[in-house]
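I wanted to look through this one and jot down what turned up. My notes are below, in the order I went.

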Amino acid sequence: MRVVLLGPPGAGKGSLAGLLKEKYRLAHISTGDMLREEIKTGSSLGAEIKALITKGVLVSDELVTRLVEQRFSHDADLKKGFLLDGFPRTVKQAQDLDGILEKAQMPLDFALNMEADSGLLLKRLTGRRVCRQCGALFHVTNKPPLKEGICDACGGHLYQRSDDNEATIKERMRVYEQSTGPIIDYYAQQHKLRTLDANVDTHKVCQSLADML
Ligand code: ADP
Ligand code: ZN
């Protein structure tokens, strides 16, 4: 299965990817995670990326596309299938992705559009906590860890992302509507768009996807 996960911040792309990669043994390519890794290295590029992410605006198409391209040229693991999460985010990125996939001879099966109501998105994002060590996702009320502040999976410390505050979330929503929204049409025109209701819990979303296959 080769799939692009589409949907506004908080639609649950990362949580769904977490379940799907176990269930179907897929590679998970999250450009957000790749960018946060670069920030962790303490490089000057990382510092530039951090400033953009904290504001809620997009990193340049060139930079993220290069990261994805590198992954496709080096990672043999992608042969078993992949989930792209957070990429593409602009029509330019979608076009460049088509080029990358053509070269790799791994055409996309479909883009999954995850729809959810805006009030719910805000609640999911403001309550989200992430494991600093393994990246596992939690939520203060929807999915609390067994021990406060500690990851159930690895015992790492949980933190709140610098862009998960109300002001930055509003900006990310605006950027999504403006820059990422048009990608939905892009995939619809290629007859590769599938849509599902992401207002429900991730296990239910995963089941609706399984029913579609
Ligand atoms: P979410 O989907 O919850 O907004 P991500 O972890 O996918 O979170 O992305 C966080 C931030 O990383 C984005 O707001 C943006 O600044 C940057 N980013 C991630 N992927 C891309 C991309 N494909 N193009 C440009 N910027 C990106
Ligand atoms: Zn962890």
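**Ligand 1**

I'm working from a predicted model here. I started with the shell around ligand 1: which residues come nearest? Of the 19 residues around the ligand, those are Thr31, Arg36, Val57, Gly86 and Arg172. I sorted the shell by type and got eight nonpolar, four polar and seven charged residues. Helix 2 (residues 31-40) gives the largest share, four residues.

Next I went through polar atoms. Lysine 13 puts a polar side-chain atom 3.1 Å from an oxygen atom of ligand 1. The side chain of threonine 31 has an N or O atom 2.8 Å from a nitrogen atom of the ligand. With valine 57 the backbone is involved: one of its N or O atoms is 2.6 Å from a ligand oxygen atom. I also looked up the area: ligand 1 taken alone exposes 550 Å², and the protein buries 96% of that.

**Threonine 90**

I moved on to threonine 90, in the loop between strand 3 (82-85) and helix 5 (91-103). Is threonine 90 buried or exposed? Its relative accessible area is 12%, so it counts as buried, the cut-off being under 20%. I then looked for its partners beyond four places in sequence and found contacts with Leu58, Asp61, Ser179 and Ile183. With aspartate 61 there is a polar contact between the side chains, at 3.1 Å.

**Salt bridges**

How many salt bridges does a search of the whole structure find? I got eleven. As a reminder to myself, side chains of opposite charge can pair when their charged atoms come close.

I picked out a few. In helix 7 (residues 166-189), lysine 170 and glutamate 166 sit four residues apart, about one turn of the helix. Their side chains form a salt bridge at 3.3 Å, N to O. Lysine 170 is exposed at 51% relative accessibility, while glutamate 166 is partly exposed at 43%.

Arginine 174 and glutamate 171 make another salt bridge, at 2.9 Å, N to O. Those two are three residues apart in helix 7, so about one helical turn separates them. Arginine 174 is partly exposed, with 43% relative accessibility.

Arginine 71 pairs with aspartate 75, and I read 3.0 Å between the closest N and O atoms. Arginine 71 is partly exposed at 24%.

I also noted a network of salt bridges linking Arg128, Arg161, Asp163, Asp164 and Arg172. Arg172 had already come up among the residues nearest ligand 1.

Most residues other than glycine have a negative phi, and most peptide bonds are trans. I went looking for exceptions.

Phenylalanine 87 and proline 88 are joined by a cis peptide bond, with omega about -5°. Proline 88 is in the loop between strand 3 and helix 5, where I had found threonine 90.

Glutamine 105 isn't a glycine, yet it has a positive phi of about 55°. I placed it in the loop between helix 5 and strand 4 (110-115). Its relative accessible area of 69% makes glutamine 105 exposed.

Histidine 191 is another non-glycine with a positive phi, near 60°. Histidine 191 lies in the loop between helix 7 and strand 8 (193-197), and it is exposed at 74%.

Technical notes: Residues numbered from 1 in each chain as written. Chains lettered and ligands numbered in written order. Predicted model: local features only at pLDDT ≥ 70, side-chain atom pairs only at ≥ 80, totals over all residues. Heavy atoms only, no water. Buried < 20%, exposed > 50% of the residue type's maximum accessible area, 1.4 Å probe, protein only. Polar contact = N/O pair within 3.5 Å; in protein donor to acceptor, adjacent residues only side chain to side chain. Contact = heavy atoms within 4.5 Å. Salt bridge = Lys/Arg side-chain N within 4 Å of Asp/Glu carboxyl O. Near = heavy atom within 4 Å. Areas by Shrake-Rupley, 256 points an atom, 1.4 Å probe, with all protein chains shown as cover. Nonpolar A, V, L, I, M, F, W, Y, C, P; charged D, E, K, R; others polar.
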